[in-house]
Amino acid sequence: MSVTTPCRHTDGAKTVAVVGAGIVGMSIALHLAQRGAHVTVLDQRDSISPCTDGAFAMLIATQPDGPPEFNTLYGHAIDAWHRFDDEFDGALDVRWEGALMWAAGGDAARHLDEQYARLSQWGSAVERIDARNFASYCDGVETGPVAAGYCSTRHGVVDPAHVWKIMRARCIALGVTFVTRTVSEINVRATGSGLPHAYVEGLPVPEVLVLAAGEGTAALAATQGAEVAYTIASGSLAHSKPIPWRALPALVGPGISVKQNADGRIVAGLDYAPNAACDDTSEAYGKALLAEARGLLPGLPELELHRVTHGRVPIPEDTQPITGFLDGIANCYVAVMMSGVTMAPLMGQLIADEIVFGRRHALLVPYAPSRFRSK
């Protein structure tokens, strides 16, 4: 193994390579560049990444199925989205109209009741909904029976493809280099002292190599014997052609989730919950999803199918983010999270601060990759 020194530019700025150009990798690259780092982003596609494009992209303000600090993290993520939207002068087209979750009965209703009780106890902005008051939050919805439910008033929705394109343009303006390349492994080199450094074949050894490759992150880490523990959930979404805009919170009902992006397109699909698996991208499936969406909202005009997207989402073993340097490699940083679109602005900021300034924010402390070592 040859001995080398990680590359540093003559201006003294950090050199960072980011593997993965989804919305999380793009946010990390953007925040690094804003802090003066020299950033190279590598991805097998030169357009939007498939996972980002296939995300339902509801901006989630609450996370009741975990410890209180996990729920608090989502609140900070929404705060970061508001700041991020302001930085782009509203060009990201975020819709902040909340979200309605409801169930017809059984275990799903009991689960929502438990979620509402926890969120209320933690001080989250949630309000109980039932069949009597549902219309006051969103009229014209054919809900079916409503045994339990709540409104999360701080939720939002966004078109991830639109956001991604704007972020990429800002990255380019800040000097980020994009390389279209399939990265199937990482390599390490000794540095003369301490732990070895990771790099991608054919490129200089960066001071930090960030693995933000979504479902591909574990395989890359495994090429150096490191474990990043997650499973994959998959799902397909139907996107309509634009229709007139209407006030519409995100609707998360018993059978389907529906939202409307700022450009007027209705997006419909099933939950990307743990163990979810749907790989149907056919026109027939897309039309069926839109028909179900129109059944939920019969007042909508006829919905014409524009396209069907597919996403594969990494679900960490404990559903919580995996962010931090891998043990045994000096410069290899991992960033994997279930709610990537929600977390992107906050995690991009915190991870960039850690890489550039060497300070790990308290919000990140519970989410180091090393937490899985004893399991």
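## Charges over rings

In this predicted model, the charged end of Arg168 sits over the ring of Phe178, at 4.3 Å from the ring centre. A second case involves Arg189, whose charged end sits over the ring of Tyr199, 4.2 Å from its centre. A charge sits over a ring if NZ of Lys or CZ of Arg is within 6 Å of the ring centre and within 35 degrees of the ring normal.

Residues are numbered from 1 along each chain as its sequence is written. The model is predicted, and local features need pLDDT of at least 70, side-chain atom pairs count only at pLDDT 80 or more, and totals for chains, interfaces and linings use all residues, while side-chain values use heavy atoms, with hydrogens and water left out.

## Aromatic pairs

There are 7 aromatic pairs in the structure. Rings of Phe, Tyr and Trp (its six-membered ring) pair if their centres lie within 6.5 Å; planes under 30 degrees apart count as stacked, over 60 as edge-to-face and the rest as tilted. The ring centres of Phe84 and Phe88 are 5.1 Å apart and the planes stand at 70°, so this pair is edge-to-face. Phe84 and Phe88 are both buried; buried means under 20% relative accessible area, exposed over 50%, and partly exposed in between (1.4 Å probe, protein chains only).

Trp102 and Phe134 are also edge-to-face, because their ring centres are 5.0 Å apart and their planes are at 80°. This pair links distant parts of the chain, with Trp102 in strand S4 (residues 99-103) and Phe134 in helix H5 (residues 134-137), 32 residues apart. Helices (H or I, at least four residues) and strands (E, at least two) are DSSP runs, numbered from the N terminus. Trp102 has 3% relative accessibility and so counts as buried; Phe134, at 4%, counts as buried. Elsewhere, Phe70, Tyr74 and Tyr367 form one aromatic cluster.

## Helices H3 and H9

The axes of helix H3 (residues 68-87) and helix H9 (residues 340-357) come within 8 Å and cross at roughly 80°. H3 is therefore roughly perpendicular to H9. Axes are lines fitted to C-alpha atoms, for helices over the stretch in contact, and angles run from 0 to 180 degrees between N-to-C directions. Angles under 35 degrees count as roughly parallel, over 145 as roughly antiparallel, 65 to 115 as roughly perpendicular and the rest as oblique.

## Ser152

Ser152 belongs to strand S6 (residues 148-152) and is buried, with a relative accessible area of 1%. Leaving out residues up to four places away in sequence, Ser152 touches Ala61, Thr62, Gly98, Ala99, Met101, Ala125 and Val126. Between the C-alpha atoms of Ser152 and Tyr116, 36 residues apart along the chain, the separation is 9.5 Å.

## Positive phi in two loops

Ala57 is not a glycine, yet has a positive phi of about 60°. Ala57 is placed in the loop between helix H2 (50-53) and strand S3 (58-59) and is buried, with a relative accessible area of 5%.

Thr319, a residue other than glycine, has a positive phi near 70°. Thr319 is in the loop between strand S16 (305-316) and strand S17 (322-325), and at 22% relative accessibility Thr319 counts as partly exposed.

Key: Contact = heavy atoms within 4.5 Å.
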